[in-house]
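Work through the exercises below with the model open in your viewer. Each task is followed by a worked solution.

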Amino acid sequence: MSLDFNDETFRGDFTFRNSARAIARFPFPFPEDGYMYSVNMEPHLPGKPGSVFEHMFDVDEHYVAEMRDRALVLAEDPLRCQSLPHMTLAGWDLLELIMDAKARDYPQWFSLTKEGNRWHWVNRPLQIEQSFTFLDDTTLPCGPMEYITRQTQGDFTLQDQRDDNLWIEAGMVTTQADWSLDFDIGMSFHEWHAPVPLAHEMRVFDRALKFLLNLQLGAPVRRFNWTMTVDPLLDTSPENYPRWGPTKTTMTPETIGHRQHLRVELQTLHRLPRSNAIVFPIRCYLIKFEELVTVPKWARRLHRVVRDIPDELATYKGFIRNKPLMLDYLSRYDDGLPTSPGIWPD
Amino acid sequence: MSAGFSRSIPSRPVYGVLEPRPGTAHLMVADGEGAAALTRMIAQAPDAAGMLSQSHILYLPGPNGTDLTADLRSLGAAQFHRSPSFAACLPRLQKVLADAHMGVQIYLAGSEGLIGQALREVMQAGLPWQAAQTEHRGSTVRRVQCVHCKGITEDVRTDPFVCSHCGLNLFVRDHYSRRIAAFQGVNIDAEDPGQVPPPVERFA
Amino acid sequence: MSVGAPKLAVRVAEVVQVNALVKRFRFVRRDGGPLPVFSGGAHVVVEMDDQGTRRMNPYSLMSDPADTSGYEISVRRDDAGRGGSLYLHNHVAPGMEMVLSMPVNLFPVDARARKHLMIAGGIGITPFLSQIAALTRLRGRFELHYSARSRDLAAYADDLLARHGDAVRLYLDDQGQVIDLDALLRGQPLGTHLYVCGPKGMIAWVRGRAGALGWPAAAVHSEEFLSPPVGSPFQVRLAASGRTITVAPAQSLLEAIEAAGVAAPYLCRGGACGECETGVLGCDGTILHNDHWLTDDQKAANTRIMPCVSRFAGATLILDR
């Protein structure tokens, strides 16, 4: 393992931790002292250097360990990666998008050379070298979407656009906040989002769908979602809920700082060229409460967000049970002083 | 008549009322009380005799035992077949769909399980699912897939219930998959093992 | 303003007179780089400066989507139109610099289809050319029925017949050849999708027969670029920006709003995508809805308008722009 990448686990002994650099660049999702749903999309343009927004696909110190965890999840449950047959072309579009971006943005780790349709890809951190023919899936060890997403952090869904709607018809989903790809694959935009409370009444999904149907090539967008997780467990799937559900009941005031994690999803949306599909990467970042409170502004703000969030939302996000313990812990770091607008540390 | 499912989440299927539509052939699949929906619909056709001469009806008894075979057979459709179960009917349905041409009208009536499983075959054969008309009649028992073991429990009547495959206690969600033709069941006592609310008879 | 996508700075590389009515234009990137790959059926919006009048017209991309060295469009000259096609035919020559939007696809093939049945009329052939190129590469199954006034005016028929033989059938009006549509629609296997692009009347005919023969709406697809119609001039109050503008006869309401320096979102500029939908705050007169986007109820209520193609006749129109 090189100095660039942590040797850590997201299961069992849970040795995951964030370095000081990772904490400073953590994508804190709250620009103000409260939270309610919104469409809240902004252009996914190159952002602040060093931040998670700098590059199209962010590679950080957790890269190698996350890919190892993904491989373990897939070995245990192959249904976490599925592609309906007509989505293979979209999978190729995604492979091209990711390979081009990573070779451009991280040339020290990735390289891509093309001779017509003969491509050669090198992934140094994972020690992979692959020659293949673009658009010919017999030249890759597995389908193109699976191939590239086994080497890219975050979950991915591919959505076919037809009938004025988006249909989730392929995906690699191993770091999800409690939804099942196997069950949801084939659903329309509103159907897939059906279990989310309150947002439907607020027509959040109507507006989001209308916006996404007109999403253009070359104009990706991004937004945040967030929830809470006990232990740095990436695989909080419904399939495994009988295993991770009980851990919520074992939290104590002594352990909460170390075991309670804010889980942030940086979601981006990109139009794909050949398939006209939309790819929805969902990149998961974890931070322990005891790491987060080292940034005073975030400590104050997170306390206020958790304190004021409606119970229905806290229940849907799965942390209603531990909300009192969280507030006890976080309130110690909230001196009531005002916080600056925006997500960055002061 | 239909149970008239109360307003629920967007992924909960919504059924309609069958109406005769112009087409080059008519394929009807029904179970139990769904037979009455077919009979009513055909009676409304501008040319019922013509429609029946291009109709193929597949019928099964319903989950609660209702069997209206005699009524349906007497309509005189070009083809009528009664199967004892959906599983027995499946090879025939798949063959009929494989031979069908664009222009075939599809009518599905009866229990949600029958409608969902027949609709899945329609989709597999290449028709958009919106092409099929559906009308719910009779039983509201559900097919429920355990999200943990992936096994489907048929004819679920209570909430919560015990997965017939892995034995977990599951609560029944309204979240529904057309591809699996089942509602979703999730472990109810994961966080408090053993603390299972008494089962309520929700579906009949 | 378009919704944020970059534009393509191009140069005209080639102009070819295809037949008496049609010219083909090939665009390459000014910086010599590759153009973006696109999906069959996509179009680009071509920006033109016609002696002070700014036009932005959508045209289907007819070139092979995998050919990133250039984009090709074919334009049928319309002497009775607003002038966009005339400008291209009369004033655009190799070497000229122009601007294109990124490709947008409102007429994609359905990826699940077991077979694609295509019906083209006249210049409506253009989106099928890029779709056929893409499908051929993927070994997709298609069948094209192409109707044109005469062999001379059947642009690209020779090439299509040479390359795809039995999968292409040509019907020439001047030889009395008509598509036997009912027979065609009755014999298709389940999983066939139907696509039609051509004159308004042809699209209505095909859709009508498909519906009568039991085809589900979700399996029938059409594209018709509505050209903003020419009409009488009219005045419009832009409430949000506090301006009053006059829309000239051969100018669309959207173009007039843009000419006044007021920002308005747009995408397809052909009445189909919904992006330019605008609120109507006051209407004393008749809105002439020419779009495919608003529902009949919305059109009757006169509370929304699609400025890219619709017009107005009457005393007052106040918009939320």
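**Exercise 1. Helix packing in chain B**

Task: describe how helix 4 (residues 86-99) of chain B and helix 5 (residues 112-124) of chain B approach each other in this predicted model.

Solution. 
- Step 1. Start with the axes. The two axes come within 10 Å. They cross at roughly 30 degrees.
- Step 2. Classify the angle. Angles under 35 degrees count as roughly parallel. Helix 4 of chain B and helix 5 of chain B are therefore roughly parallel to each other.
- Step 3. Assign the hand. Helix 4 of chain B passes helix 5 of chain B in a right-handed crossing.
- Step 4. List the contact residues. Helix 4 of chain B supplies Phe86(B), Leu93(B), Gln94(B) and Leu97(B). Helix 5 of chain B supplies Leu114(B), Gln117(B), Ala118(B), Glu121(B) and Val122(B).
- Step 5. Sort this helix contact by class. It has six nonpolar, two polar and one charged residues.

**Exercise 2. Strands of chain A**

Task: trace the pairing of strand 4 (residues 118-123) of chain A with strand 3 (residues 110-115) of chain A, then with strand 5 (residues 128-133) of chain A.

Solution. 
- Step 1. Pair strand 3 of chain A with strand 4 of chain A. They run antiparallel and are joined by six bridges. Glu115(A) has Arg118(A) as its bridge partner.
- Step 2. Pair strand 4 of chain A with strand 5 of chain A. Six bridges join these antiparallel strands. Trp119(A) is partnered by Phe132(A).
- Step 3. Four residues lie between strand 4 of chain A and strand 5 of chain A. Gln127(A) takes a positive phi near 55 degrees in this hairpin.

**Exercise 3. Chain C against chain A**

Task: how many residues of chain C are in contact with chain A, and of what classes are they?

Solution. 
- Step 1. Count. 22 residues of chain C contact 15 residues of chain A.
- Step 2. Sort the chain C side. It divides into 16 nonpolar, three polar and three charged residues.

Note on methods:
Residues are numbered from 1 along each chain as its sequence is written. Chains are lettered from A and ligands numbered from 1 in the order in which they are written. This is a predicted model: local features need pLDDT of at least 70, side-chain atom pairs count only at pLDDT 80 or more; totals for chains, interfaces and linings use all residues. Two residues are in contact if their C-beta atoms, placed from the backbone, lie within 7 Å. Ala, Val, Leu, Ile, Met, Phe, Trp, Tyr, Cys and Pro count as nonpolar, Asp, Glu, Lys and Arg as charged, and the others, Gly among them, as polar. Two strands pair if DSSP finds at least two bridges between them. Helices (H or I, at least four residues) and strands (E, at least two) are DSSP runs, numbered from the N terminus. Axes are lines fitted to C-alpha atoms, for helices over the stretch in contact, and angles run from 0 to 180 degrees between N-to-C directions. Angles under 35 degrees count as roughly parallel, over 145 as roughly antiparallel, 65 to 115 as roughly perpendicular and the rest as oblique. A crossing is left-handed if the near helix is turned anticlockwise from the far one by less than a right angle, and right-handed if clockwise.
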